[in-house]
Amino acid sequence: MTKNNDIKMMTPTTIVLFIILVAGAVTAVYRMLFGLGAATNLNDLWPWGFWIGVDVLGGVAMAAGGFIIAGAVYILNWKKYKVIVRPAILNAFFGYLLAAVSIFLDIGRSFRIWHPMVMWQVSSIMFIVSIHVVLYTTTLATESSPMIFEKLGMKKALGFVNRIMAPVVLFGVLLSTLHQSSLGAVYLIIPTKLSPLWYSNKLPYMFLVSAVMMGLSMVSFETILSARVFKHKPHMEVLKGLARGTLIVICVYLALKVFDLISGAGISAVFNGSFTSNMWLLEMVAGVILPLVLLSMKSTRNRLNSIFVVNILVILGVLLNRLNVGIFGVAEYASMAGSDYFPSWMELIVTAAMIAFAVLGFKVCAKYLDLYPETQH
Amino acid sequence: MELNRRDFLKTVAGTGLALASQAIPAAAIMPREVPPEAVGILYDATLCIGCKSCMVNCKQYNSVPDGALYSKDMKNPPFELTTPEKIWDAPKDLSGRTVNIIKAYKTGTGENKDADVNGYSFLKQHCLHCISPACVSACPVGALKKDPVNGVVYYIEDRCIGCRYCQLACPFRIPRYEWDSASPQVRKCQLCRHRYQEGKYAACCEFCPTGASIFGKVVDLRKEAEKRLALQPGREYAFPVQTVNSKYKMPRAVSKYQKHVYGLTEAGGTQYLLLAGIPFELLGFNKNITDGVLPDLTWAYISKIPTVIAAVLIGGAATWAITHRNDKGE
């Protein structure tokens, strides 16, 4: 098989995505030449904004499907999920690329991005986060490499990567566990700035569990979507399994959040009608409780369209959680100190371009690589 | 079959054990006691007349090589000409161009100095030089350091990548960024550490005419602050000028103080101490500052990492061995 001729590159969607990508690239160059103040609405009271909240925190959480499915297939030996292991890993790889490019643009001295690798600071969560981005992106590239080696007919390299795959995957599971949780740990040092609705000493656990929840939904979402776009039959058994997994993780997450609310800010804190508490309610009701109710019905788990809707709810819910922790949860503190923040159009266009890049990249890979080895076209 | 089972287990579990047994260096944990020779500033708002001499001189004496506001191709100190005439350096807040600022607080008619009702007060804002600085613990590249001898929290421009985690981590909103630059730096007070070698000390204290800001060893400053709190309001006291052990004194009637030395316990204690007649939260200081040591909050997570590494690698290898026991190659 050389390429999937069913996949057409010149569709209207592709062209629009490409235009967004070019606009984003131009904006990124502008940001590099004229600095963060010229391109973004960030300021001293809002040192982090949309790029960190959406691209980095969201992108990394979205990538969690990669380590879960890889772990299930290569460590737990759950053969059923082998059909989705390649797209799941590729999806994760794009998620991490997105985060890495965003970090490059977000830091003030982009070309010093390698500094943490040689200037170790073990007391810094940010150091731990950056080490993990590098190591795990490399791991994901290794996990994806068999597709490239197959395509290029490099039998020796292919054999080598396949032989070391199990330890590589285990290493990936370890890195992801630490990386997902350490992104939550980033916020442990701001107990006086982050709203008590989100601040908790359990933030690392919450980030990890919610990332797993989102990862499972993302893999399912992406399986259904690519089956539609690339016109092959989705594996219903796999989707049912993912839905069951999502349901279990949602239960754990909800228990964690409710326990934390009761032992921390208190239940009344979410019903005081303030903007912050409404954001908490929106995140929890639309992104956690509603998916939980829907998924606990067997009829939902058996229907493709219902699963698809639940996936979208979970994904948006976790994205909102990251925005709440990164932006809305510190808004009260920052506005008290006299500053508001809304992303500039340049920040928005760069984020849109990142997403366009991931979608286009995935599509190109689906066309030219053997992304779905067990699906007949 | 992928890999010889015994080799796999040996490598993976071995790495796990090796990592777990390797303790993270204790140096990574922040100090919690103020170093005996540490220096700092005591600011007494009841003595401050708002002349801003400290601001003028801070900017001037820090716009020289190694100063907190220096950059290579600068012609003038980084003034902020915010008024319509554009002739005054008139910063509104701390910024990438201003690392020390005097602000005024006024309530009601603002007639009486240091009074809660119809009163006013000045306040001086700059880096507090925490004993366990959150910014130092947060920095991924060691661009912020705490001097082990004098305790000054300083910045090494060459290391900084501009992630701005220091800005997020600081509970006092101190580090500021040069947003309008394409190669920006973090700016904050470095307690004029570049002037110590020539026998000088913080410019804001040297040029304070009333003794509102005095420089000295933290142990002496703490004693001085507590002594002032114990004084009878209205009685005369000879306030030292410039430094805590100065022979120049300014005799003055003692004002009524808030019974708290700000900086003694806040965020685990700081080397900048403040006294005021008006409650500190009214002067804009965060009331919810924890007395706990902020870096401890992240350390609680980081110290668990070796255990997680060992658990995942050993548990994962064991799981792999069990789930693959019947696989005979494909």
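Domain bounds in this account come from an automatic or database domain assignment. On that basis, chain B is divided into domain 1 (39–292) and domain 2 (295–325). The centres of domain 1 of chain B and domain 2 of chain B, taken over C-alpha atoms, are separated by 44 Å. The model is a predicted one, in which local features need pLDDT of at least 70 and side-chain atom pairs count only at pLDDT 80 or more, while totals for chains, interfaces and linings use all residues. Residues are numbered from 1 along each chain as its sequence is written, and chains are lettered from A and ligands numbered from 1 in the order in which they are written.

Two residues are in contact if their C-beta atoms, placed from the backbone, lie within 7 Å. Chain A brings 51 residues into contact with 59 residues of chain B. With twelve residues, α8(A) gives the most to the side of chain A that touches chain B. That side divides into 33 nonpolar, 14 polar and four charged residues. In this count Ala, Val, Leu, Ile, Met, Phe, Trp, Tyr, Cys and Pro are nonpolar, Asp, Glu, Lys and Arg are charged, and the others, Gly among them, are polar.

The interior can be followed next. A residue is buried if 20 or more other C-beta atoms lie within 10 Å of its own, exposed if 12 or fewer, and partly exposed in between, with C-beta atoms placed from the backbone. A nonpolar core is a set of buried Ala, Val, Leu, Ile, Met, Phe, Trp, Tyr and Cys residues joined through C-beta atoms within 7 Å. The largest such core has 199 residues, and those with the most contacts inside it are A:I69, A:L170, A:M213, A:M214, B:C135 and B:A169. Helix α5 (residues 82–106) of chain A gives the most to this core, with 14 residues. The core lies between domain 1 (39–292) and domain 2 (295–325) of chain B, because both give residues to it. Leaving out residues up to four places away in sequence, A:M213 touches A:T246, A:V249, A:I250, A:Y253, A:V314 and A:V318. Another core, of five residues, lies apart from the largest one and includes A:L36, A:A39, A:L42 and A:W46.

Within chain A, helix α11 (residues 275–295) has 21 residues and reaches 29 Å from its first C-alpha to its last. This is close to the expected 30 Å, which is 1.5 Å times one less than the number of residues. A kink of about 35° in α11(A) is centred on A:V285; the bend at a residue is the angle between axes fitted to the seven residues ending there and the seven starting there. Among the buried residues of α11(A) are A:W280, A:M284 and A:P291. Their cover includes α10 (236–263), α12 (298–302) and α13 (304–336) of chain A.

In chain B, helix α7 (residues 294–302) contains B:Y301. Seven of the nine residues of α7(B) are buried, so this helix is largely enclosed by the rest of the structure. The cover over its buried residues includes α7, α8 and α9 (203–229) of chain A together with α3 (134–138) and α8 (305–323) of chain B. B:Y301 itself is buried, with 22 other C-beta atoms within 10 Å. Its contacts, leaving aside neighbours within four places in sequence, are A:A185, A:L188 and A:P204.

Two residues of chain B stand out for their backbone angles. Most residues other than glycine have a negative phi. B:K86, however, has a positive phi near 55° and lies in the loop between α2 (53–62) and β2 (101–106) of chain B. B:K86 counts as exposed because it has 9 C-beta neighbours inside 10 Å. B:C192 also has a positive phi, of about 50°, and is found in the loop between β8 (186–187) and α5 (203–206) of chain B. With 25 other C-beta atoms within 10 Å, B:C192 is buried.

Methods:
Helix = DSSP H or I, 4+ residues; strand = E, 2+ residues; numbered from the N terminus.
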